[in-house]
Amino acid sequence: MAFAVSDELLGTFVPIAVYWLYSALYNVLDALGTVDCYRLHPKEDEETRNIPSKRTVLRGVLLQQAVQVAVSLIVFKITGDGRRDAREQPPAPVIALQFIVAMFAMDTWQYFVHRYLHTNKFLYKHVHAQHHTILVPYAFGALYSHPLEGLLMDTASGAVGFLASGMTPRTAIFFISLGAIKTVDDHCGLWLPGNVIHAVFANNSAFHNIHHQLYGQKHNFSQPFFVVWDKILGTYMPFTLQSREGGGVEARPVKHALAAHEQHKSD
């Protein structure tokens, strides 16, 4: 008898596997020493500027993914129709539209939750600050955060995208996996030539790296796909990419953006 795995189970566990496989790719490149000239920070900064150890980060990510599994199973259970067979897939144009709707729904949820976690001093201190103890982002640390933040922002946004778009669990496998790839890539700490994600999305590793610096923590809240809400609501901090003395690449805010940030601090 063939062993069948439901789309709901695949939609729950495949994105987690994708997260670790994509992170492993960056770890291999790092171990080979082939990406040092594309780093957004010097390699030694990972050890000197980041507060949590990588073992602590690993435990934190695994905890968040355990919560993600539980929530995914609950959402699929509630939205399922009780049939054992897979739901019929809609035509390709409909699936494409569902992807776009889901991406904007996820972005909208994450932007406003993320921004509120910064503006509410209590929530920032006791919840979101954990994620910002990583000043120099790296791939598998992308989901390192307080469990409450992981639930409210990352896990819930996936559920919002799934429900808002009306996509099937089979389509959700690919959508949530894309979100996992995008999240890892945004935190990889590298600006690699030929990276398709950087070419397609203005929301990328350099954009998010600005947010992880002290001067950028009130800017560039958008994640993981677009920068629309930052531009509409005036929280976008433009930047340029420049070669760094000693090797690597540096994302620097343009002068007028940094001046506006300093003025905002003094007000």
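This is a predicted model: local features need pLDDT of at least 70, side-chain atom pairs count only at pLDDT 80 or more; totals for chains, interfaces and linings use all residues.

Reader: OK, and H1 itself, where's the kink?
Author: At phenylalanine 13, shortly before proline 15, with a bend of about 25°. That bend is the angle between axes fitted to the seven residues ending there and the seven starting there.

Reader: How far apart are the end C-alpha atoms of H1?
Author: They're 36 Å apart, which agrees with the 38 Å that the 26 residues (7-32) should span at 1.5 Å a residue. The expected span is 1.5 Å times one less than the number of residues.

Reader: What do the buried residues of H1 pack against?
Author: Helices H3 (54-79), H7 (169-186) and H8 (196-200), with contact meaning heavy atoms within 4.5 Å. The buried set includes Gly11, Pro15, Tyr19 and Tyr26. Buried is under 20% relative accessible area, exposed over 50%, partly exposed in between (1.4 Å probe, protein chains only).

Reader: Switching to charges: how many salt bridges?
Author: The count comes to 8, taking a side-chain nitrogen of Lys or Arg within 4 Å of a carboxyl oxygen of Asp or Glu. One of them pairs aspartate 30 with lysine 43 at 3.0 Å, N to O. Aspartate 30 lies in H1 and lysine 43 in the loop between H1 and H2 (45-48), so the pair ties together parts 13 residues apart in sequence.

Reader: And aspartate 186 with lysine 182? Buried or exposed?
Author: Both are buried. Their side chains meet in a salt bridge at 2.7 Å, N to O, and they sit 4 residues apart in H7, about one helical turn.

Reader: Last one: where's serine 222?
Author: In the loop between H9 (205-212) and H10 (228-232). Serine 222 is buried at 3% relative accessible area, and its side chain makes a 2.7 Å polar contact with that of aspartate 230. Polar contact means N or O atoms within 3.5 Å, where within protein one must be able to donate a hydrogen and the other to accept it, and residues adjacent in sequence count only if both atoms are side-chain atoms.

Notes:
Residues are numbered from 1 along each chain as its sequence is written. Side-chain values use heavy atoms; hydrogens and water are left out. Helices (H or I, at least four residues) and strands (E, at least two) are DSSP runs, numbered from the N terminus.
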